[in-house]
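User: I would like to go through this model term by term, asking what stands behind each label that is put on it.

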Amino acid sequence: MVPERWTTIRRHLHGRLRAAVTEALNVTVFGAGRVQDLPGLEAVDDDVRLRFATTAEELAGIMPDTDVLLGWDFRAGVLEQVWPRARRLQWIHWAGAGVDAVLIPALRDSDVVLTNARGVFDRPIAEYVLALVLCFAKGIPRTIRAQERKHWDFQYSESIAGRMALLVGVGSIGRAIGALLHAAGMQVAGVGRTARAGDPLFGEVLAFDASDPLLNDADYVINVTPSTPDTRGLFSESLFGKMKPGARFINVGRGDAVDERALADALRSGRIGGAALDVFAEEPLPADSPFWEMANVIVSPHMSGDVRESVDDLVDQFVENLGRFRRGEPLNNVVDKSRGY
């Protein structure tokens with residue numbers, strides 16, 4: 001029989017060890033105020049200490065002993081403000097696909113691991129893009145405007161069957177969009193960072209600098225690129241000039257990929273037929289932006305990937321990765337910080 005005093009000692013040591021683990025793994029959530037805001041996050045083990053911050057000041061106060069940072073709603077510039085206080089930080093998980101809001105030079109040059117929410121937004125964004133294509137083809141914006149005026153405005157619409165969609169960006173989101181548009185009867189083509197043949201969805205993927213033939217043929221050009229030095233300003237006056245006359249441009253990638261002045265000029269002149277813009281160089285989009293007033297433009301507030309169900313998926317993804325982190329296993333969705341995705 002084990003003496004009672006040894007049982008007491010073991011319980012005491014176990015409690016000390018649990019306290020040490022709690023102190024050793026502090027998980028900070030930025031962009032949420034309490035665990036109830038992220039249903040499912042309460043599933044983490046008791047020996048993980050969760051803290052929450054909604055302002056840069058609150059984050060700065062708890063950053064020194066933060067080991068893991070979950071960026072739920074990061075605004076550009078916040079991480080840079082608090083980075084000098086990140087003394088124990090080992091891993092940042094960003095609950096988004098694009099990481100440009102957090103990939104500051106100090107993080108890029110550090111040993112801190114960065115992961116993202118790759119995969120969660122693929123289907124929602126694909127559905128959103130299909131909806132935008134159908135809005136253009138079926139004249140939905142014009143019909144809604146006529147309804148608001150109580151005006152009976154008959155118009156012929158277009159079929160999307162056989163139309164060509166060019167995906168600029170062939171990662172998981174681009175592939176999800178391409179697969180859904182293909183299932184709806186469209187032809188799909190892809191442009192990526194590097195060329196490759198034998199792609200199961202796109203066939204031959206062309207490099208950015210060799211995409212002119214596809215631009216000339218595409219009825220819809222869809223940007224899905226992340227924000228990287230290679231993609232900033234990619235959609236220039238020259239590129240819009242190479243697009244098929246009357247083609248529509250859809251941007252669900254990043255706003256800094258587009259020369260917005262050149263896009264506005266191409267839309268005003270009728271060089272391209274329309275644009276659906278979910279992302280912008282400056283967000284929220286300023287009230288004086290010409291895009292608000294253009295009849296051939298659909299503006300949405302960076303919402304193409306946001307569905308109610310994604311909150312559960314995002315939390316589940318982080319909890320799974322947190323378990324891997326604690327077990328010393330490789331993390332899912334590690335970002336190549338040198339490339340930005």
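This is a predicted model: local features need pLDDT of at least 70, side-chain atom pairs count only at pLDDT 80 or more; totals for chains, interfaces and linings use all residues.

User: Why is Glu-260 called partly exposed?

Analyst: Buried means under 20% relative accessible area and exposed means over 50%, with partly exposed in between (1.4 Å probe, protein chains only). Glu-260 has a relative accessible area of 23%, and is therefore partly exposed. Glu-260 lies in helix H10, where helices (H or I, at least four residues) and strands (E, at least two) are DSSP runs numbered from the N terminus.

User: What does Glu-260 touch, and what does its side chain reach?

Analyst: Contact means heavy atoms within 4.5 Å, and by that test Glu-260 touches Gly-255, Phe-280, Ala-281 and Phe-291, not counting residues up to four places away in sequence. The C-alpha atoms of Glu-260 and Phe-280 are separated by 8.3 Å, although these residues are 20 apart along the chain. A polar contact is a pair of N or O atoms within 3.5 Å; within protein, one must be able to donate a hydrogen and the other to accept it, and residues adjacent in sequence count only if both atoms are side-chain atoms. The side chain of Glu-260 reaches the backbone nitrogen of Ala-281 at 2.9 Å.

User: Which residues of H10 are buried, and what do they pack against?

Analyst: Within H10 (residues 260-269), the buried residues are Ala-262, Leu-263, Ala-264, Ala-266 and Leu-267. The buried residues of this helix pack against helix H9 (237-242) and against strands S11 (248-251), S12 (274-277) and S13 (297-299).

User: Why do Arg-51 and Asp-199 count as buried?

Analyst: Arg-51 is buried because its relative accessibility is 9%, and Asp-199 is buried because its relative accessible area is 8%. Arg-51 lies in strand S2 (residues 49-53), and its side chain makes a polar contact with the side chain of Thr-66 at 3.1 Å. Asp-199 is found in strand S8, and its side chain reaches the backbone nitrogen of Leu-201 at 2.9 Å.

User: What makes S12 and S13 a pair of strands?

Analyst: Two strands pair if DSSP finds at least two bridges between them. S12 and S13 pair in the parallel sense over three bridges, and Leu-277 stands opposite Val-299 in S13.

User: How many bridges join strand S4 to S3 and to S5?

Analyst: Strand S3 (residues 68-71) and S4 pair over four bridges in the parallel sense, with Leu-70 opposite His-93 in S4. S4 is joined to strand S5 (residues 113-115) by three bridges, and these strands run parallel. From S4 (residues 91-94), Trp-91 and His-93 point one way and Ile-92 and Trp-94 the other way, and all are buried.

User: Why are H5 and H7 called oblique to each other?

Analyst: Axes are lines fitted to C-alpha atoms, for helices over the stretch in contact, and angles run from 0 to 180 degrees between N-to-C directions. Angles under 35 degrees count as roughly parallel, over 145 as roughly antiparallel, 65 to 115 as roughly perpendicular and the rest as oblique. Helix H5 (residues 122-137) and helix H7 (residues 172-183) pack at an angle of about 45 degrees, with their axes 8 Å apart. H5 and H7 are therefore oblique to each other.

Terms used:
Residues are numbered from 1 along each chain as its sequence is written. Side-chain values use heavy atoms; hydrogens and water are left out.
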